[in-house]
Amino acid sequence: MHPRDRAAQAAVAHVADGMIVGLGSGDTTSRAIRMLGGRAIVGVATSEKSADLARSVGIEVRAPDEVAAIDLTIDGKAIDITIDGADEIDPQLRLIKGGGGAHTREKLVARASKQMIVVADADKRVARLGERMRLPVEILPFAQAWTLARLAALGLPPVVRAGFVTDNGNLIADCALGPVADLRALAAALKALPGVVEHGLFLDEATIAYVGRADGVDRLTR
């Protein structure tokens, strides 16, 4: 069995009939979606590609606003579980996401979920975030030069992803992320920048990660 199939299989074991399930993006998550095909669940997809795949295997897909209402006064959770991938996973179960450009919707769905399970292969584990890939930041096309300059001023040299537009109609700036002493402070600084829609740092969302290997699967928790 492929390591990504092992990870997907472990995550799918958490899903029970009748659940509302967040359906993330990426190859390993796509494997999980196929495994869930035909199950009596409702899916909330984080990308148009994931929504199309889910429908093709018989999963009912609804928009976030169509599922059970969230009581925002108590930070209620409308989604029972979300299964999603990651581009990097550090030892504290913090993630970089956005390689596929869907991290804004992925973060919205993850934060509306009681539990977020990450599925990945061993190549996604890193000693520190930014070790192998740039940090994706979704930005508005309007006045992009100003936003890019502000990202650079934060010490995050950006490169606009060529020929790519998100499902939200925006651009992705892939930013070089060197060693950062305080990722939480950086996340707050990014969110405060006019022109930034969302960044790919997922510092608190993941509850469990299943990392597939050739001979098994590792279960990571906080």
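What follows is a chat about a predicted model, covering a helix pair, some strands and a few single residues.

Colleague: Hi! Before we start, what kind of model is this?

Modeller: This is a predicted model.

Colleague: Good to know. Let's begin with the helices: at what angle do H2 and H3 pack?

Modeller: Helix H2, residues 27-35, and helix H3, residues 48-56, pack at an angle of about 25 degrees. Their axes are 9 Å apart.

Colleague: So what do we call that, roughly parallel or roughly antiparallel?

Modeller: H2 is roughly parallel to H3, because angles under 35 degrees count that way.

Colleague: And is the crossing left-handed or right-handed?

Modeller: The crossing of H2 and H3 is right-handed.

Colleague: Which residues meet there?

Modeller: From H2 you have Ser-30, Ile-33 and Arg-34, and they meet Ser-50, Leu-53 and Ala-54 of H3. In the contact of H2 with H3, three residues are nonpolar, two are polar and one is charged.

Colleague: Which residues of H2 are buried?

Modeller: The buried residues of H2 are Thr-28, Thr-29, Ser-30, Arg-31, Ala-32 and Ile-33.

Colleague: And what do those buried residues pack against?

Modeller: They pack against helix H1 (3-12), E1, H3, strand E4 (81-84) and strand E7 (116-121).

Colleague: What does Ser-50 touch?

Modeller: Leaving out residues up to four places away in sequence, Ser-50 touches Leu-23, Gly-24, Ser-25, Ile-33 and Ala-45.

Colleague: Switching to strands. How do E1 and E2 pair, parallel or antiparallel?

Modeller: Strand E1, residues 20-23, pairs with E2 in the parallel sense over four bridges. One of the residues involved is Ile-20, whose bridge partner in E2 is Val-42.

Colleague: Which way do the residues of E2 point?

Modeller: In strand E2 (residues 42-45), Val-42 and Val-44 point one way, while Gly-43 and Ala-45 point the other way. All of them are buried. As a general point, side chains in a regular strand alternate between the two faces of the sheet.

Colleague: Nice. What about E5, E6 and E12, in what order do they sit?

Modeller: The three strands form an open sheet in the order E5-E6-E12, and the pairing is antiparallel. Strand E5 (88-89) and strand E12 (201-202) each have a single partner strand and stand at the edges, so one side of each is left without a neighbour in the sheet.

Colleague: Over how many bridges do E6 and E12 pair?

Modeller: Strand E6, residues 95-96, and E12 pair over two bridges in the antiparallel sense. Leu-95 stands opposite Phe-202 in E12.

Colleague: Last topic, backbone angles. What is phi of Leu-93?

Modeller: Phi of Leu-93 is near 65 degrees, which is a positive value in a residue other than glycine. Leu-93 lies in the loop between E5 and E6, and counts as buried at 2% relative accessibility.

Colleague: And where is Ala-143 found?

Modeller: Ala-143 is found in the loop between strand E8 (135-139) and helix H5 (144-153). Phi of Ala-143 is near 55 degrees, again a positive value in a residue other than glycine.

Colleague: What is the relative accessible area of Ala-143?

Modeller: Ala-143 has a relative accessible area of 27%. That makes Ala-143 partly exposed.

Notes. Residues are numbered from 1 along each chain as its sequence is written. This is a predicted model: local features need pLDDT of at least 70, side-chain atom pairs count only at pLDDT 80 or more; totals for chains, interfaces and linings use all residues. Side-chain values use heavy atoms; hydrogens and water are left out. Axes are lines fitted to C-alpha atoms, for helices over the stretch in contact, and angles run from 0 to 180 degrees between N-to-C directions. Angles under 35 degrees count as roughly parallel, over 145 as roughly antiparallel, 65 to 115 as roughly perpendicular and the rest as oblique. A crossing is left-handed if the near helix is turned anticlockwise from the far one by less than a right angle, and right-handed if clockwise. Contact means heavy atoms within 4.5 Å. Ala, Val, Leu, Ile, Met, Phe, Trp, Tyr, Cys and Pro count as nonpolar, Asp, Glu, Lys and Arg as charged, and the others, Gly among them, as polar. Two strands pair if DSSP finds at least two bridges between them. Buried means under 20% relative accessible area, exposed over 50%, partly exposed in between (1.4 Å probe, protein chains only).
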